[in-house]
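Here are my notes for your read-through. Please keep the model open beside them.

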Amino acid sequence: MGQVVGRDDLLLVTLDTLRFDVAVELAEAGRLPNLAAHLPGGRWAERHAPGSFTYASHQAMFAGFLPTPAAPGPHPRLFAARFEGSESTAVGTYVFDAPDLVSGLADAGYRTVCIGGVGFFNKRGALGSVLPGMFQESHWEPEFGVASPTSFEAQVARAERVVAELPAGQRLFLFVNVPSLHQPNWFHLPGATREAGDSRATHAAALEYVDRHIGRLFAAASSRRRCFTIVCSDHGTAYGDDGWTGHRLGHESVWTVPYAHFFLEPGAHR
């Protein structure tokens, strides 16, 4: 990452609340053609989330603690704050002298941009301003939020505008928090109703919706130069699994998340 940072643009996409099992099933069934085309070997990596809900998980990720491989470690990290005794800082780790990765990348000359989704990014109050406040530039509007059936399309359109307005030589760290998987998501499945509510099937339909539009985001992010990209979930959610519902709890459906990182080459996407 020491060679990547300063040379390439960076994109971090959190598919908020996406379950690992649903992500794997859809990829294996050919229902995620745009995402699967970039997954190493066409497969999601199984990882453990650094938190059980959005705020905790993103605070950790912005400190360099991305979801951890679901196998005994220690596992070298891509990014890490400089501190004594870190067992996961390795030769290839990008080490920053800042309290968080976002500030560290800004210090390295990146324009840091947040396109928010769920309520922790809506800037409507003090708590919803903490995470977007780390960035030099942040965007949120109701069309980006969890209640919008077209939230991701609106976010992608804003990302395209952000990239188009940047000077050619300016490196970019773009972060997008995708709210489509988060409840409510029933409206992504044809025939589903508000009264019936969300389910594992509507969650899957929401991921298919994201896949239909993510190619535009990838194209924008790599339109100027190569872009190192991370796509992952921040945590999963339970739909009655073993009697559990929701997240901010310790069930496997919450702690196990999909993860992938890869390079997007300029001009290779539509």
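Which residue in β12 is the bridge partner of H48? The points below start there; note that this is a predicted model.

1. The partner of H48 is T256 in β12. Strand β2 (residues 45-48) and β12 run antiparallel, joined by four bridges.

2. Strand β12 also pairs with β9 (residues 227-232), in the antiparallel sense, over six bridges. There, F228 stands opposite F263 of β12. Seven of the nine residues of β12 (residues 256-264) are buried, so the strand is largely enclosed by the rest of the structure.

3. H251 sits in the loop between β11 (244-246) and α8 (252-255). H251 is buried, at 13% relative accessible area. Its side chain makes a polar contact of 2.7 Å with the side chain of D242. Leaving aside residues up to four places away in sequence, H251 touches D241, D242 and W244.

4. The whole structure holds 15 salt bridges. One of them joins D9 to R225, with the closest N and O atoms 3.1 Å apart. D9 is in strand β1 (residues 9-15) and R225 in the loop between α7 (200-221) and β9, 216 residues apart. Both D9 and R225 are buried.

5. D97 and R82 form a salt bridge at 2.7 Å, N to O. D97 is exposed, at 56% relative accessible area. R82 is exposed too, at 55%.

6. R226 forms a salt bridge with E265, the closest N and O atoms lying 3.8 Å apart. R226 is in the loop between α7 and β9, while E265 is in the segment after β12. R226 is partly exposed at 22%, and E265 is partly exposed at 38%.

7. A network of salt bridges links R19, D21, E25, R200 and D241.

Note on methods:
Residues are numbered from 1 along each chain as its sequence is written. This is a predicted model: local features need pLDDT of at least 70, side-chain atom pairs count only at pLDDT 80 or more; totals for chains, interfaces and linings use all residues. Side-chain values use heavy atoms; hydrogens and water are left out. Helices (H or I, at least four residues) and strands (E, at least two) are DSSP runs, numbered from the N terminus. Buried means under 20% relative accessible area, exposed over 50%, partly exposed in between (1.4 Å probe, protein chains only). A polar contact is a pair of N or O atoms within 3.5 Å; within protein, one must be able to donate a hydrogen and the other to accept it, and residues adjacent in sequence count only if both atoms are side-chain atoms. Contact means heavy atoms within 4.5 Å. Two strands pair if DSSP finds at least two bridges between them. A salt bridge is a side-chain nitrogen of Lys or Arg within 4 Å of a carboxyl oxygen of Asp or Glu.
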